[in-house]
Amino acid sequence: MMVFLCIGYGFLGLVLPTSAVLSLESHGAIAGTASALMGALQFVVGAAVMAVSGLFADGAPKPMVVAIALSALVAFAFACLTLRTENARLPAAAE
């Protein structure tokens, strides 16, 4: 399990900065404020998920695995909703 966690979290170094830059691209003048909000939300959500999963801690890895899986599903759902609304706002490509 440690190997898989190291591999999975190792790729976060590639994904997080790239996604942060892409999300801040359209915020120009308030990019610093948006970046601060994004960082604060990461810490708050991480602390909340850790607190909730800690309630179910029993020495087995199951609560951690469930928390990671649920976090991934929630992130995927938010990505689908965000990309769907973003694609609806884009003008149709000229042919």
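Modeller: Here is a walk through the helix contacts, with a few words on the rest of the chain. Keep in mind that this is a predicted model.

First, the overall layout. Of the 95 residues, 7% are buried.

Now the pair you asked about. Helix α1 covers residues 2-10, and its axis lies 5 Å from that of α2, at an angle of about 25°. Angles under 35 degrees count as roughly parallel, and α1 and α2 are therefore roughly parallel to each other. On the α1 side, the residues that meet α2 are Gly8, Tyr9 and Gly10; on the α2 side you'll find Leu12, Gly13 and Leu14. Sorted by class, that contact of α1 with α2 has 3 nonpolar and 3 polar residues, and no charged ones.

Move on to the next pair, and the geometry is described in the same terms. Helix α2 (residues 12-24) and helix α3 (residues 31-54) have axes that come within 10 Å and cross at roughly 135°. That makes α2 oblique to α3. The crossing of α2 and α3 is right-handed. Helix α2 brings Ala20, Ser23 and Leu24 to the contact, while α3 brings Ala31, Ala34, Ser35 and Met38. By class, the contact of α2 with α3 comes out as 5 nonpolar and 2 polar residues, again with no charged ones.

What about further along? Helix α4 spans residues 62-89, and Ser71 is found in it. Ser71 is partly exposed, at a relative accessible area of 33%. In sequence Ser71 sits 22 residues from Val49, and in space the two are 8.2 Å apart, C-alpha to C-alpha.

Cys6 is exposed, with 54% relative accessible area, whereas Cys80 counts as partly exposed, at 31%. A disulfide is a covalent bond between the sulfur atoms of two cysteines. To be counted here, a pair of cysteine sulfur atoms has to be within 2.5 Å, and by that rule the count comes to 0 disulfides.

Notes:
Residues numbered from 1 in each chain as written. Predicted model: local features only at pLDDT ≥ 70, side-chain atom pairs only at ≥ 80, totals over all residues. Heavy atoms only, no water. Buried < 20%, exposed > 50% of the residue type's maximum accessible area, 1.4 Å probe, protein only. Axes fitted to C-alpha atoms, helices over the stretch in contact; angles between N-to-C directions. Helix = DSSP H or I, 4+ residues; strand = E, 2+ residues; numbered from the N terminus. Parallel < 35°, antiparallel > 145°, perpendicular 65-115°, else oblique. Left-handed = near helix turned anticlockwise from the far one by under 90°. Contact = heavy atoms within 4.5 Å. Nonpolar A, V, L, I, M, F, W, Y, C, P; charged D, E, K, R; others polar.
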